[in-house]
Structures are given as structure tokens and as C-alpha cells.
Amino acid sequence: MNLVQYNPPHPGELIERTYIEPFPEITAASVSRALGVSKSTFSRLLNGKSDVSPEMALRLSAVLGRSAESWLALQDNYDLCKARKTVNTNNLNRLSYQFT
């Protein structure tokens, strides 16, 4: 089965493109203040250097909207796509067993 190659953006890239760039009055610094995190913490997220944690997902949900679950799903999709590019499963076989 061939899977279509999918390259989801890092959640930080999505935040930058969707919530900051279109609005001249919104800056990364103002969002970091609203989130209650340091500018450096938020900058690492925007630059893809850190991931969305459950705590950050709750903060993003409260400040930017969407559910915390959707923020975590974005991170999971990004991580899984990255792993698919580096993890070779060709030599792995499904276990065969019978239920009793």
C-alpha cells in the first residue's frame, strides 16, 4: 500500500502563519505575554525548536482558540511524519498469535 507523502507544518509555523503574520498589531512578544510564557520559550516553539506540550496546548487553547487536543494532534502529526522519514520498518513483521 502506498501512502501519499504528507508534510504537516510544525505547530509553531502554523501559529506564525495563522495567528501572527496576518495581524500587524499582534507580535510574538504579545502572544507570549498572553500565554504567560517567556519570549524565548514562545520563540523556540515558533521556530520549531520545541514541541507543543500538554501544558502549552492548554495555554494555546485558552489564548488562540482550538481545543488543547487539536494542538496536541498537530504536534503528533508533525512528529509522526518526521519519524516516517527516518524509521525503516521494512524488516519488521507483524506478530502472529491466536486468541484463546
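The axes of H2 and H3 come within 9 Å and cross at roughly 115 degrees. Here an axis is a line fitted to C-alpha atoms, for helices over the stretch in contact, and angles run from 0 to 180 degrees between N-to-C directions. H2 and H3 are therefore roughly perpendicular to each other. Angles under 35 degrees count as roughly parallel, over 145 as roughly antiparallel, 65 to 115 as roughly perpendicular and the rest as oblique. The crossing of H2 past H3 is right-handed. In this convention, a crossing is left-handed if the near helix is turned anticlockwise from the far one by less than a right angle, and right-handed if clockwise.

This is a predicted model, in which local features need pLDDT of at least 70, side-chain atom pairs count only at pLDDT 80 or more, and totals for chains, interfaces and linings use all residues. Residues are numbered from 1 along each chain as its sequence is written, and side-chain values use heavy atoms, with hydrogens and water left out. Helices (H or I, at least four residues) and strands (E, at least two) are DSSP runs, numbered from the N terminus.

**Helix pairs**

From H2, the residues Ala 28, Ala 29, Val 31, Ser 32 and Leu 35 meet Lys 39, Phe 42 and Leu 46 of H3. Contact means heavy atoms within 4.5 Å. By class, the contact of H2 with H3 has six nonpolar, one polar and one charged residues. Ala, Val, Leu, Ile, Met, Phe, Trp, Tyr, Cys and Pro count as nonpolar, Asp, Glu, Lys and Arg as charged, and the others, Gly among them, as polar.

H3 also packs on H1. The axes of H1 (residues 11–20) and H3 (residues 39–46) come within 6 Å and cross at roughly 105 degrees. That makes H1 roughly perpendicular to H3. Gly 12, Glu 13, Ile 15, Glu 16 and Ile 20 of H1 meet Phe 42, Leu 45 and Leu 46 of H3. This contact holds five nonpolar, one polar and two charged residues.

H4 and H5 form another pair. Their axes come within 8 Å and cross at roughly 125 degrees. H4 is thus oblique to H5. H4 passes H5 in a right-handed crossing. On the H4 side, the contact uses Pro 54, Ala 57, Leu 58, Leu 60, Ser 61 and Leu 64; on the H5 side, Ala 68, Trp 71 and Leu 72. The residues divide into eight nonpolar, one polar and no charged.

| Pair | Axes come within | Crossing angle |
|---|---|---|
| H2 and H3 | 9 Å | roughly 115 degrees |
| H1 and H3 | 6 Å | roughly 105 degrees |
| H4 and H5 | 8 Å | roughly 125 degrees |

**Buried faces**

Which residues of H3 are buried? They are Phe 42, Leu 45 and Leu 46. These cover an arc of only 100 degrees around the axis, which puts them on the same side of H3. The arc is that of the directions from the helix axis to the C-beta atoms. Buried means under 20% relative accessible area, exposed over 50%, partly exposed in between (1.4 Å probe, protein chains only). The cover over the buried residues of H3 includes H1, H2 and H4.

H4 (residues 54–64) buries Met 56, Ala 57, Leu 60 and Leu 64. Seen down the axis, the buried residues of H4 fall within an arc of 105 degrees, so they line one face of the helix. The face turned away carries the exposed residues Pro 54, Leu 58 and Ala 62. Over the buried residues of H4, the cover includes H1, H2 (28–35), H3 and H5.

Ser 32 lies in H2. At 1% relative accessibility, Ser 32 counts as buried. Beyond residues up to four places away in sequence, Ser 32 touches Val 37, Ser 38, Lys 39 and Phe 42.

Gln 75 belongs to H5 (residues 68–86). Its relative accessibility is 3%, so Gln 75 counts as buried. Leaving aside neighbours within four places in sequence, Gln 75 contacts His 10, Pro 11, Asp 51 and Val 52. Gln 75 and Val 52 are 23 residues apart in sequence, yet 6.1 Å apart in space, C-alpha to C-alpha.

**Positive phi**

Most residues other than glycine have a negative phi. Arg 66 has a positive phi near 65 degrees and is not a glycine. Arg 66 sits in the loop between H4 and H5. At 41% relative accessibility, Arg 66 counts as partly exposed.
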